[in-house]
Amino acid sequence: MPLLISCTDLWKVYRVGDVEVQALRDIHLTIDQGEFVAVRGTSGSGKSTLMNILGCLDQPTRGRYQLDGMDVGTAKPDVLAEIRNRQIGFVFQSFNLIPRISALENVQLPLVYRGVSLKEQRKQAAAALLRVGLAGREQHYPFQLSGGQQQRVAIARALVGGPSILFADEPTGNLDTASSREIMDILTQLNRDDGITIILVTHESDIATSASRELIMKDGQVVQDVRRVSHLSVVP
Ligand SMILES: Nc1ncnc2c1ncn2[C@@H]1O[C@H](COP(=O)(O)OP(=O)(O)OP(=O)(O)O)[C@@H](O)[C@H]1O
Ligand SMILES: [Mg+2]
């Protein structure tokens with residue numbers, strides 16, 4: 001598969017007062033299109049920092065980050081925003097839905113920024129909700145949905161713009177086992193059926209087994225990079 005992500009000598013250093021934190025240290029990493037990568041590691045090992053840089057929410061202090069052949073590590077903020085809107089979807093542990101608007105309206109949001117007509121926004125948002133098994137819940141407000149359902153709305157919102165990469169930072173961190181399983185099944189389907197590249201941060205090793213590759217982080221470095229052979233052919 002073609003190369004999607006390439007990091008060379010990537011560093012992220014935060015300075016808070018007199019203290020310098022090396023959140024990422026000399027990361028060298030490539031990820032191909034269509035991979036399903038789980039990122040694991042102890043708290044503070046740099047997982048979210050790496051995700052935020054790969055997802056163009058933040059930029060490295062030093063080093064090179066190329067996404068789809070483009071140097072995004074040094075791109076201007078408006079260029080980054082455009083890449084995020086066109087190519088990238090995000091899902092977070094805390095769902096981040098807007099409370100006072102319906103599920104459908106939450107999913108419409110990325111399309112509003114693209115200037116898509118209202119009719120087309122509704123059509124595409126409804127299709128995305130259908131894709132995550134939430135047909136019939138379009139008019140529900142977030143507080144009228146379970147945690148697992150709210151996370152599925154967040155996935156629909158991440159999907160609606162047709163991203164090629166989905167970043168998920170602890171997407172099952174607030175969910176019970178059954179809901180976690182549902183979310184992982186949806187992510188697996190999106191990877192397998194739609195070819196969406198998935199990069200997922202998790203603390204749980206059984207969640208990570210859904211992925212075809214596992215990166216283990218420690219103290220700002222990737223210390224293990226394990227590929228699972230043909231996880232899709234495993235019959236449950
Ligand atoms: N905005 C920031 N300013 C200063 N230091 C930061 C900032 N963000 C993260 N850090 C530091 O960088 C290191 C890596 O943080 P990061 O959030 O990437 O860890 P993590 O692996 O995602 O942890 P967790 O599992 O707890 O979410 C930590 O030591 C943290 O204190
Ligand atoms: Mg984190």
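Predicted model: local features only at pLDDT ≥ 70, side-chain atom pairs only at ≥ 80, totals over all residues.
**Helices α3 and α4**

Start with helix α3, residues 103-112, and helix α4, residues 118-131. Their axes come within 8 Å and cross at roughly 120°. The two helices are therefore oblique to each other. The crossing of α3 past α4 is right-handed. On the α3 side, the contact uses A103, L104, V107, Q108, L111 and V112. On the α4 side, the residues include L118, Q121, R122 and L129. Sorted by class, this contact has 10 nonpolar, 3 polar and 1 charged residues.

**Helices α5 and α6**

Next come helix α5, residues 147-159, and helix α6, residues 177-194. Their axes are 9 Å apart, and the packing angle is about 20°. That angle makes α5 roughly parallel to α6. Their crossing is right-handed. From α5, G148, Q151, R152, I155 and L159 take part. They meet S179, E182, I183, I186, L187 and L190 of α6. By class, the contact of α5 with α6 holds 6 nonpolar, 3 polar and 2 charged residues.

**Around ligand 1**

Which residues come nearest to ligand 1? They are S43, G44, K47, S48 and T49, out of 13 residues around the ligand.

| Residue | Protein atom | Distance to a ligand 1 oxygen atom |
|---|---|---|
| G44 | polar backbone atom | 2.8 Å |
| S45 | backbone N or O atom | 3.2 Å |
| T49 | polar side-chain atom | 2.5 Å |

G44 and S45 each use a backbone atom here. T49 uses a side-chain atom.

Methods
Residues numbered from 1 in each chain as written. Chains lettered and ligands numbered in written order. Heavy atoms only, no water. Axes fitted to C-alpha atoms, helices over the stretch in contact; angles between N-to-C directions. Helix = DSSP H or I, 4+ residues; strand = E, 2+ residues; numbered from the N terminus. Parallel < 35°, antiparallel > 145°, perpendicular 65-115°, else oblique. Left-handed = near helix turned anticlockwise from the far one by under 90°. Contact = heavy atoms within 4.5 Å. Nonpolar A, V, L, I, M, F, W, Y, C, P; charged D, E, K, R; others polar. Near = heavy atom within 4 Å. Polar contact = N/O pair within 3.5 Å; in protein donor to acceptor, adjacent residues only side chain to side chain.
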